[in-house]
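Trainee: I am new to this structure and would like to learn how to read some of its side-chain contacts. Could you go through them with me step by step?

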Amino acid sequence: QVQLVESGGGLVQAGGSLRLSCAASGSIFKINTMGWYRQAPGKQRELVAHITSGGSTVYADSVKGRFTISRDNAKYTVSLQMNSLKPEDTAVYYCNALVLTATLRDLEVWGQGTLVTVSS
């Protein structure tokens, strides 16, 4: 079993900043890609950013230049620094990880989600 626990969501005014963090635990051999997705009310879940174990990153066009993803491979953590937040960034943010378990099984794991609300 592998679990992801997120923290750092909340309410912020437009133009402000928040930092989301996610920690993985359990039967882990290696974590490949870690990332953040978000789902706004009435919309589909979408990729925000992801980062490989080697540090390569991908960002959604809507967050480029404002959000920064980082990870600590030794601690199995991933963070998302969100600056210059806009009301349209309001959503539930989910941590995601592609894990190779200790029994060498590939597993996709999701966190429980953390709400980010940006007021105008």
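What follows is a dialogue about a disulfide, an aromatic pair and a charge over rings.

Mentor: This is a predicted model, in which local features need pLDDT of at least 70 and side-chain atom pairs count only at pLDDT 80 or more, while totals for chains, interfaces and linings use all residues. Residues are numbered from 1 along each chain as its sequence is written, and side-chain values use heavy atoms, leaving out hydrogens and water.

Trainee: Which residues form a disulfide?

Mentor: A disulfide is a pair of cysteine sulfur atoms within 2.5 Å, and here Cys 22 and Cys 95 form one with their sulfur atoms 2.1 Å apart. The torsion about their S-S bond is about -85°, so the disulfide is left-handed. Cys 22 belongs to strand E3 (residues 18-26) and Cys 95 to strand E9 (residues 91-101), so that distant parts of the chain, 73 residues apart, are linked, where strands are DSSP runs of at least two residues, numbered from the N terminus.

Trainee: Are these two cysteines buried or exposed?

Mentor: Buried means under 20% relative accessible area, exposed over 50%, and partly exposed in between, with a 1.4 Å probe and protein chains only; both Cys 22 and Cys 95 are buried.

Trainee: How many aromatic pairs are found in the whole structure?

Mentor: Rings of Phe, Tyr and Trp (its six-membered ring) pair if their centres lie within 6.5 Å, and planes under 30 degrees apart count as stacked, over 60 as edge-to-face and the rest as tilted. The search finds 1 pair: the rings of Tyr 37 and Trp 110, with centres 5.0 Å apart and planes at 65°, so this pair is edge-to-face.

Trainee: What lies over the face of Trp 110?

Mentor: A charge sits over a ring if NZ of Lys or CZ of Arg is within 6 Å of the ring centre and within 35 degrees of the ring normal. Arg 45 lies over Trp 110 at 4.6 Å from the ring centre, and Arg 45 also lies over the face of Tyr 94, at 3.7 Å.

How values were computed
Helices (H or I, at least four residues) and strands (E, at least two) are DSSP runs, numbered from the N terminus.
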